[in-house]
Amino acid sequence: MALHAAIKGKLISVIGDEDTCVGFLLGGVGEINKNRHPNFMVVDKNTAVSEIEDCFKRFVKRDDIDIILINQNYAELIRHVIDAHTSPIPAVLEIPSKDHPYDASKDSILRRAKGMFNPDDFTRG
């Protein structure tokens, strides 16, 4: 068990394609909790949307995860579930993948944040 998990550190979780997950795992993000559940999910062409949805819901319920990183193309598949998650923790960050660039117009969290501000508040008068 990693030291930061032993002292109640919070985790980053990843739902992504193999390249994305391997990159984060090489960066030290990977953990397996006491129930032998990993904090990452590798998604491929054979992964059912329901599996992605179930994994996201499991990560949201875990008290040791503070950030969920998800490839934006997979976030699109479970948009209704992501939109229903309104708590600030765990934070959900949509990230690009090798084959799918980031599109800010599809990011529900960014759209929600933009809705909090009026552009007129930032103009000088």
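What follows is a short chat about the predicted model above.

Reader: What kind of model is this, and how are residues numbered?
Author: The model is predicted, so local features need pLDDT of at least 70 and side-chain atom pairs count only at pLDDT 80 or more, while totals for chains, interfaces and linings use all residues. Residues are numbered from 1 along each chain as its sequence is written, and side-chain values use heavy atoms, with hydrogens and water left out.

Reader: How many helices and strands does the protein chain have?
Author: There are 6 helices and 4 strands in the protein chain. Helices (H or I, at least four residues) and strands (E, at least two) are DSSP runs, numbered from the N terminus. Along the sequence the pattern reads α-β-α-β-α-β-α-α-β-α.

Reader: And how much of the chain is buried?
Author: Of the 125 residues in the protein chain, 34% are buried. Buried means under 20% relative accessible area, exposed means over 50%, and partly exposed is in between (1.4 Å probe, protein chains only). The areas come from the Shrake-Rupley method with a 1.4 Å probe.

Reader: What is in the largest nonpolar core?
Author: That core has 17 residues, and those with the most contacts inside it are Ile15, Ile52, Phe56, Ile70, Ile78 and Ile82. At least two residues each come from β1 (11–16), α3, β3 (65–71), α4 (72–77) and α5 (79–84). The largest share, 4 residues, is supplied by α3. A nonpolar core here is a set of buried Ala, Val, Leu, Ile, Met, Phe, Trp, Tyr and Cys residues joined through side-chain atoms within 4.5 Å.

Reader: Where do nonpolar side chains tend to be in general?
Author: In soluble globular proteins, they tend to be buried together.

Reader: New topic. How many salt bridges are there?
Author: The structure holds 5 salt bridges. A salt bridge is a side-chain nitrogen of Lys or Arg within 4 Å of a carboxyl oxygen of Asp or Glu.

Reader: What about Glu53, buried or exposed?
Author: Glu53 counts as buried because its relative accessible area is 17%. Glu53 forms a salt bridge with Lys57, with the closest N and O atoms 3.3 Å apart. Both residues lie in helix α3, 4 residues apart, about one turn of the helix. Lys57 is partly exposed, at 37%.

Reader: Which other residues form salt bridges?
Author: The side chains of Asp64 and Arg62 meet at 2.8 Å, N to O, and Arg62 is buried with a relative accessible area of 14%. Glu76, Arg79 and Glu94 are linked in a network of salt bridges.

Reader: Which residues form the negative surface patch?
Author: Glu18, Asp44, Glu51 and Asp54 form it. Patches are made of residues with over 30% relative accessible area and no salt bridge, with like charges joined within 9 Å and nonpolar side chains (Val, Leu, Ile, Met, Phe, Trp, Tyr) within 5 Å. Lys and Arg count as positive and Asp and Glu as negative, while His and the chain ends are not counted. Asp54 lies in helix α3 (residues 49–61) and is partly exposed, with a relative accessible area of 40%.

Note on methods
The place of a charge is taken as NZ of Lys, CZ of Arg, CG of Asp or CD of Glu.
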